[in-house]
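Here is a short report on one protein. Look at the whole chain before turning to the details.

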Amino acid sequence: MEWQNWKFRIGFNAREGLTLHTVSYKDQGRERPVLYRAALSEMVVPYGDPGPIQNRKNAFDSGEYGIGQLANSLELGCDCVGYIKYFDGVMTNSKGELMVIKNAICMHEEDFGILWKHTDWRTNDVEVRRSRRLVVSSISTVANYEYGFFWYLYQDGNIQFEVKLTGILSTAGLHPGETPKYGTMVGPDLYAPNHQHFFNVRMDMQIDGNENSVYEVNVVPEELGEGNPQENAFYAKSTLLETEKQAKRDIKLETARYWKIVNDNVKNDLGQSVGYKMVTGENCFPFASDNSSLLKRAGFIKHHLWVTPYDEDELYASGKYPNQHIGGDGLASWVERDRPINNTDIVVWYTMGHTHVPRPEDWPVMPAAYIGFMLKPVCFFGQSPAIDLPPSPKKNYCSKRDENERSAKVKGVKAMLHKIRFMGKETKYSALSVLSLAAVFLLHLVHWLAAPLLMGAAAVGMHMEHQHDMGGSGSTLMQLLMLVVFIVNLVSMYFAGRRLSLAWKNRSGATHRTYLCSFVSVGVLCVGVFTALSL
């Protein structure tokens, strides 16, 4: 797939579902790799009710059920909107037979609000660019829950992974008058138990090559002293994670902690190592004991960040067969070897958790909850890669139909002014310059037709007894008319000049219409200069 400056491949399999491969960004004509492979590695949903029915609910929805096998067949206008490209999910079932899930993957583009904006308070000039993102998604139904898995690619180089949780709560009955301790009543004699959702995403990094490293960044206050007289200073402190055990890390709000994956062998124009940083979203820790069956089998949920050297056999955070072992396999076991992870081919594993204390508002169908993270370029580019985006066409209404309906309500000059009001700046200045120039020609015509009458009145005035100059009423009207012509001519020149100034600033996004409007503005400016000199 290719979109904007992104290039990547899409994959799909029975266990992981949607996968991304060889993700690269085209920067100044050069394709720069970012990710070699990224996919959901494992997910587990532990319940927090000790009762005999609920305490055994610790489903490994990926490793035991298979997120890919449970993928929905998506339909136009329901799960995705706009211009859509669908991909079928092709795999084998438990009997080894060919299995096809039609439209298992959806890809579309969507508006995502403002990307960047600035208003110059001196001139009131406004520059704004809207963000568009490419969405690649798949949705799976696991018993009562639906999980939507979304990869987003942005025009400013960001990559985002998001899970949307919806569906129907797992519930149990209550005796009349009973109040649940480990859940929430959602209906008469009906409660939903507390539970958690943990997701682990495996990312085989490839930042400008295979030799990558991970740094932990903590923002810390400066020590008090002469160098910090106002006691307000703070700075970002980077620490290289050199081995697997050292890289078992957790988020920390107190220091605004984040992690950056860099290639120390490649520098940007400022001499900085190129990289991407991980911006975390919602997260939590498990409440189960280390001795619980859950923590023995799902050790990967103990920490948020894990880093390992690449190993083709290490694909799933819970191990290959989580439903056939009692614990001790997977990510938590592999890192005990404490292998070096500095300046080598590394895999980054991120675990995120959502603690769900149910609400009555989650019943009977739960509104979507969102959880995810973002990879943001840090020193990967020399400047914002979105700075050269062309401006969007200026529109005042949500749709053309609304605009037509409103325009139909006004007629004549009012309709024309109504349309000009909602034009984009460049088009508006072109229209106003042409209209004011037309006014100049109209006033010239009035002057030419009225001159004989006005000058005749002035001539009669000269023969009057007390008249010694051309200051009669006719001459005064002529002078006023010429003054109005001169002022309106200056107005047309001003609008034409503003139009050309804007066209020059936005020349990178010029179109045929832009060139036509600029040509008209140049003509208006030339006529204006000639008219001003003539007057």
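## The whole protein

A residue counts as buried when its relative accessible area is under 20%. By that cut-off, 45% of the 535 residues of the protein are buried. Keep in mind that this is a predicted model.

The protein has eight helices and 21 strands. Its exposed surface comes to about 28,600 Å². Carbon and sulfur atoms supply 57% of that area.

## A buried serine

Where does S24 sit? S24 lies in strand β3, which covers residues 17–27. Is S24 buried or exposed? Its relative accessibility is 8%, so S24 counts as buried; the cut-off is under 20%.

Leave out residues up to four places away in sequence, and S24 touches N5, W6, K7, E31, R32, P33 and V34.

How many bridges join β12 to β13? There are four, and the two strands run antiparallel. Strand β13 spans residues 190–193. Which residue in β13 stands opposite G187? That residue is L190.

Definitions and conventions. Residues are numbered from 1 along each chain as its sequence is written. This is a predicted model: local features need pLDDT of at least 70, side-chain atom pairs count only at pLDDT 80 or more; totals for chains, interfaces and linings use all residues. Side-chain values use heavy atoms; hydrogens and water are left out. Buried means under 20% relative accessible area, exposed over 50%, partly exposed in between (1.4 Å probe, protein chains only). Contact means heavy atoms within 4.5 Å. Two strands pair if DSSP finds at least two bridges between them. Accessible areas come from the Shrake-Rupley method with a 1.4 Å probe; for residues, only the protein chains shown count as cover.
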